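Hi everyone, thanks for coming. I'd like to walk you through a few residues today, so please have a look at the model first.

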Amino acid sequence: MTINRNNVGNAVPVMSEFPAETPLAMAYVPFQKWEEPYDEQVAIERGTIFPSLDLPFIGEEAVPSVRKK
């Protein structure tokens, strides 16, 4: 990690994969490397053609419930 100074002089940590002058609160989408896409039927079922973007939402299933039944 490097330290970047913005125009008001505050030290801002910047991860090394970010461009050197990435502004604060600005969305950044890393470049996607090419990979073999899913077959058509799998892609339709999964909602994406790229395996690395296949990140299913599991919501509360991932968080242990603290509620008493």
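Let's start with Thr48, which is buried at a relative accessible area of 14% (buried means under 20%, exposed over 50% and partly exposed in between, with a 1.4 Å probe and protein chains only). Before I go on: this is a predicted model, where local features need pLDDT of at least 70 and side-chain atom pairs count only at pLDDT 80 or more, while totals for chains, interfaces and linings use all residues. Residues are numbered from 1 along each chain as its sequence is written, and side-chain values use heavy atoms, with hydrogens and water left out.

Back to Thr48: its side chain reaches the backbone nitrogen of Phe50 at 3.2 Å. Leaving aside neighbours within four places in sequence, Thr48 is in contact (heavy atoms within 4.5 Å) with Tyr38, Ala43, Leu53 and Asp54.

That brings us to Asp54, in the segment after helix H1 (40–46). Asp54 is buried too, at 15% relative accessibility, and its side chain joins that of Tyr38 at 2.8 Å.

Now, how many aromatic pairs does the structure hold? There is 1: Trp34 and Phe50, with ring centres 5.6 Å apart and planes at 80 degrees, so the pair is edge-to-face (centres within 6.5 Å, using the six-membered ring for Trp; planes under 30 degrees apart are stacked, over 60 edge-to-face, the rest tilted).

Terms used:
Helix = DSSP H or I, 4+ residues; strand = E, 2+ residues; numbered from the N terminus. Polar contact = N/O pair within 3.5 Å; in protein donor to acceptor, adjacent residues only side chain to side chain.
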